[in-house]
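Please look through the sequence and the model before reading on. The text is meant to be read with both at hand.

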Amino acid sequence: MALEHASGDKRFKILEVHMKKHQFRHDALIEILHKAQELFGYLEDDLLLFVSYKLKLPPSRVYGVATFYHFFTLKPKGEHTCVVCMGTACYVKGADKVIGAVQEHLKIKAGETTADNNVSLLTARCIGACGIAPAVVYDGSVTPRQSPESALEHINKWVAK
Amino acid sequence: MILNDLVQIKTKELAARKKVTLRCCMAAGCMSSDAKGVKEQLENAVAQAGLENDVEVRGVGCMKLCCEGPLVQADPQNSLYIKVTPENAPAIIAALHGGTANIPQADPDAAFFKNQLGIVLANSGVIDPERIESYITVGGYEALHEVLREMTPRDVVETMVGSGLRGRGGAGFPTGLKWGTVAKSPGAKKYIICNADEGDPGAFMDRSVLESDPHSVLEGMAIAAYAVGADQGFIYVRAEYPLAISRLQLAIKQAKQLGVLGSGIFESPFNFTVDLRIGAGAFVCGEETALMASVEGKRGTPRPRPPFPAESGLYGCPTLINNVETFANVPPIYRNGAEWFAGIGTEKSKGTKVFALAGNIKNTGLIEVPMGTPLRTIVQEMGGGAPGGAEIKAVQTGGPSGGCIPAQHLDTPVDYESLGKLGSIMGSGGMIVMDDSTNMVDVARFFMEFCMDESCGKCIPCRAGTVQMHNLLEKILKRKATRRDLEKLEELCDMVKNTSLCGLGQTAPNPTMSTLRFFRNEYEALLQPDKYGPGGNGDTNRQPAAEAK
């Protein structure tokens, strides 16, 4: 049994150390997928097979869990991510207009990435920042009180680069 | 760790208190508006003024008035600065000596703060959530000591029954009864789970409690574990709350180091450990059986009950599941006694409830009020009404499982029964205010879309029913629906409500049903005359008068 992944990619090694920390327990599958996504950015088939082999779980179980939860993505993300919160508070304060403007500007729909792999547009159910609605998360930083104009301004900074 | 150690920590902390405290809100809302920069600059300004011995800059949890963040409060001056920027720091320090800083302030004695009663949030915005010593200073872990040294598990359950506390996750099941059932269930291994999977959009009470006072939840869990005979606890928290996760991790680490978690707590034979489980974005995991499946690393799908988790839960063992706010209520109950708690609130709903006030309202943020407070007091007095002179049209409680309460029912007291009578639920505490610009049919569609996306797909009424109801609502909004579609929608609501497997499906029709009940005219205004129905072109018995309706 080869300890290292055939590609020699070090990240597989790190992931395996993480699995060892959880004693390869089956109930740690979600934690391990979190780590895998943190390391690789998304969960491709090869990676899921690796997890299934190491945890001695059927691939169907690993694939089933990875596709069940919204947090896991099986497609690569763009260089930048723009997450528009679509919780109720943000919605009644005009998040639908914000996302509409961004969709039109980037010519992609929510959940898609621009053709040049620059920006991924995502929606969130509620990030719990209802007091500062509508909120948008640009590359991981929560930004309060957005409008279609301020969102486009932010995104244009990425596009211009 | 013995009581004396707790007292020593407390004495040392109190002795180190400085003349002036500047409390900076470091909860997620203010953090997104550079609260960190504000705190750093305040520290710098204190150092530059040479006031290190007189002024303490303390990072605290949520200070409640989220819409005006970042917030900084100076004590004992009692000035609450709002929308503070890092550049304001020197002016705030200068104003400590009596001058007036040219920075906007809010009135700390305004109705928004005055009408609040802090039990769960008593420490929020006061203590530093990242230091266990700060929690001990306000009496933290003393209740756990008392329980472990002076009470039997049976006494602990009885006190809980006497307090009348009901589950704060939304359903309002009596907590004491639940504890008693788990305590009586046979089994050598039992588990405790804290449900911090706050998926209800528009609710952020649990996030704030975890970010502001994580130790109160840990202490509450430890007391519950002693009462039911569990030695392992899990906190299942959403991945969307990174700050809450990191503060919990830190709190667990500090509690272990100090020996208030671990083995032989307070030199008693009681052992208790807590582990975190991070969710991965599935609303249905707030349902207890789905949550347990997720803790076991599986797809979060619910299963039929019985057996209830109290008999056969996590890994087939008896399991106690309570919500974050429920656990946070526990230490104050044992510190002050069951009678004290039972004296607050209404006859059937005891204590307080935390609400996340958001939407079309002037003051958005967190509030904690005694049960039975009228909705009008909350939205008009405390919330300040709708901004820009607009009229409040409805208040939505309970998220996708709740309903919309119209303005004419604003005098309803907030308790489990009264809200239930209006077709809504208490829910976990999200309260979204909608003004007269809101289209209620669109609101119903919004929640149905949510339930449709979040349905786990296990049972057919919910999986297929939510899609059909969503299609019908879309059709109504596009002005393509007829009266027959509306009838079909009502039929489906009833069917999905009565035949779904878990709470998600059973409550998914609630927002639609409650808007149909109170805002039926908005639906009817969008309907088209039915060509083949009564009064339509194709109806042979057509009577022109019927068309007007």
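The paragraphs below go from one chain to the contact between chains, and then to pairs of side chains.

The model is a predicted one. The C-alpha trace of chain A spans about 55 × 30 × 25 Å along its principal axes. Chain A has 161 residues, and 51% of them are buried. Among the contacts in chain A with a separation of 6 or more, 61% are between residues 24 or more positions apart. Chain A also holds an aromatic cluster, formed by A:F68, A:Y69, A:F71 and A:F72.

Next comes the contact between chain A and chain B. Chain B puts 51 residues into this contact, and chain A puts in 34 residues. The area buried between the two chains is about 3,200 Å², and carbon and sulfur atoms give 56% of that area. On the side of chain B, the residues that lose the most area to chain A are B:A280, B:R299 and B:F446, which together account for 18% of what that side buries. Polar atoms take part as well: there are 20 residue pairs in polar contact between chain B and chain A, counting pairs with both residues at pLDDT 80 or more. Several elements of chain B, namely β8 (273-278), α13 (288-295), β10 (352-359), β14 (430-435) and α18, each supply at least two residues of the side that touches chain A. Of that side, α18(B) gives the most, with eight residues.

Charged side chains form another part of the picture. Side chains of opposite charge can pair when their charged atoms come close. Over all chains, a search of the whole structure finds 35 salt bridges. Across the interface of chain B and chain A, three salt bridges are found. A salt bridge links A:R125 with B:E454, and the closest N and O atoms of the pair are 3.6 Å apart.

Other salt bridges are found within chain B. B:D442 and B:R445 form one of them, at 3.2 Å from N to O. These two residues are three residues apart in helix α18 of chain B, which means that about one helical turn separates them. B:R445 has a relative accessibility of 11% and therefore counts as buried, the limit being under 20%. This pair belongs to a network of salt bridges that links B:D442, B:R445, B:E449 and B:E474. A further salt bridge joins the side chains of B:E43 and B:K39, at 3.5 Å from N to O. Here the two residues are four residues apart in helix α3 (residues 35-48) of chain B, so they too are separated by about one helical turn. B:E43 has a relative accessible area of 35% and is partly exposed.

Aromatic rings also pair in this model. The search of the whole structure finds 16 aromatic pairs over all chains. In the pair B:F112 and B:F113, the ring centres are 5.1 Å apart and the planes stand at 85°, so the arrangement is edge-to-face. B:F112 is buried, at 2% relative accessibility. The rings of B:F446 and B:F447 are also edge-to-face, because their planes are at 70°, with the centres 5.3 Å apart. B:F446 and B:F447 are both buried. B:F446 has been named already, as one of the residues of chain B that lose the most area to chain A.

B:R238 lies over the face of B:Y241, 5.0 Å from the ring centre. Likewise, the charged end of B:K353 sits over the ring of B:F355, at 5.7 Å from its centre.

A last stop is B:F308, in the loop between α13 and β9 (319-323) of chain B. B:F308 is partly exposed, its relative accessible area being 40%. B:P318 is ten residues from B:F308 along the chain, and the C-alpha atoms of the two are separated by 8.6 Å.

Notes. Residues numbered from 1 in each chain as written. Chains lettered and ligands numbered in written order. Heavy atoms only, no water. Salt bridge = Lys/Arg side-chain N within 4 Å of Asp/Glu carboxyl O. Buried < 20%, exposed > 50% of the residue type's maximum accessible area, 1.4 Å probe, protein only. Phe/Tyr/Trp six-rings, centres within 6.5 Å; stacked < 30°, edge-to-face > 60°. Lys NZ or Arg CZ within 6 Å of the ring centre and 35° of its normal. Contact = heavy atoms within 4.5 Å. Buried area = accessible area lost by both parts, 1.4 Å probe. Polar contact = N/O pair within 3.5 Å; in protein donor to acceptor, adjacent residues only side chain to side chain.
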